[in-house]
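Come along and check each entry as you read.

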Amino acid sequence: MIRIAVLGSTRGTNLNAIVAAIKEQRLAASIELVLSNKADALILEKAAHFGIKSMFVNPQGLSRTDFDNHLSKILKQHHIELIVLIGYMRILSAEFVLHWQHKIINIHPSLLPAYAGLMNLDVHQAVLDAAEIETGCTVHFVTEQVDAGPIILQKKCPVLAGDTPELLKTRVQNLEGEALVEAIGRIIATDKFRSLLHQSHITHI
């Protein structure tokens, strides 16, 4: 069973799907910890509702590297094997990403590499401005370059006449939870990942 930590800064909507998949035994995993850099992030309340240990980690006065080093210590204390970013609104330091290489995944609300670097409604507005006929979400490994890591999977949906950024966001969000569940399942099933889980550094998967 793989030990997961979630990093989030917002509502954490996609946490629901992962929790449900674990309860339904569709994922051989446990969410050990939810961390947030925002004291009022709703994902912390959601974690508490599910009985998951949650923690606000205050970034005030710390450099990005120092803050991420603090995160790493907490993650190691809880023997975390996979980190899932759900609405995490900080760019991770290169040191953190390299240390946890191929153990961090993120979901982005576009079909990467399209609209990499954009967030939230800005992504969906850009899709509409470009008159795209489809959009979707991408689950990818996190690397030093933002939104550029190896893609694990993508899920697609149509862009409809009369769509607004808000409508498009809702349609894409409906794909995101199961995309994360499927991606975590693929990672668990990867022989090389399983064999190297307890090493501090994975160079390739």
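**Arginine 90 and its neighbours**

I began with arginine 90 and set aside its neighbours within four places in sequence: the contacts left are Asn37, Pro59, Arg64 and Phe67. Contact here means heavy atoms within 4.5 Å. The model is a predicted one, where local features need pLDDT of at least 70, side-chain atom pairs count only at pLDDT 80 or more, and totals for chains, interfaces and linings use all residues. Residues are numbered from 1 along each chain as its sequence is written, and side-chain values use heavy atoms, with hydrogens and water left out.

I then found arginine 90 in the loop between β4 (82–85) and α4 (94–99). Helices (H or I, at least four residues) and strands (E, at least two) are DSSP runs, numbered from the N terminus.

Is arginine 90 buried or partly exposed? I noted it as partly exposed, because its relative accessible area is 22%. The scale is buried under 20%, exposed over 50% and partly exposed in between, with a 1.4 Å probe and protein chains only.

**Leucine 92**

Leucine 92 is also in the loop between β4 and α4. Leucine 92 counts as buried because its relative accessible area is 9%. Beyond its neighbours within four places in sequence, I listed contacts with Arg64, Asp68, Leu85, Val97, Ile104 and Val142.

**What the record says**

I looked up UniProt, whose unreviewed entry gives a "binding site" at Arg64, Met89, Arg90, Ile91, Leu92 and Asn106. From this set, Met89, Arg90, Ile91, Leu92 and Asn106 are in the lining of the largest pocket. UniProt positions are in the numbering used here, feature names are shortened, and annotations may be inferred rather than shown by experiment.

**The largest pocket**

A pocket is an open set of points on a 1 Å grid over the protein atoms alone, where a 1.4 Å probe fits, with protein on both sides within 12 Å along at least five of seven lines; lining residues have an atom within 4 Å of a point. I wrote down about 860 Å³ of space for the largest one. The volume is the space filled by probe spheres set on the points, which are joined across faces, edges and corners.

Which residues lie nearest its centre? Of the 37 lining residues, they are Gly87, Tyr88, Met89, Ile107 and Met119. The elements giving two or more residues to the lining are β5 (104–108), α5 (120–129), β6 (134–141) and α6. The largest share, 4 residues, comes from α6.

**Histidine 108**

The unreviewed UniProt entry lists His108 as "active site". I found histidine 108 in strand β5, and it is buried because its relative accessible area is 4%. Leaving aside neighbours within four places in sequence, its contacts include Tyr115, Val123, Cys137 and Asp147.

**The cores**

A nonpolar core is a set of buried Ala, Val, Leu, Ile, Met, Phe, Trp, Tyr and Cys residues joined through side-chain atoms within 4.5 Å. The largest has 38 residues, and Ile18, Val84 and Ile105 have the most contacts inside it. Helix α6 (residues 165–189) gives the most to this core, with 9 residues. Another core, of 19 residues, lies apart from it, and Leu92 is among its members.

**Helix α1**

My last stop was helix α1 (residues 15–23), where Leu15, Ala17, Ile18, Val19, Ala21 and Ile22 are buried. Their cover includes β1 (2–7), β2 (29–36), α2 (42–49), β4 and α6.
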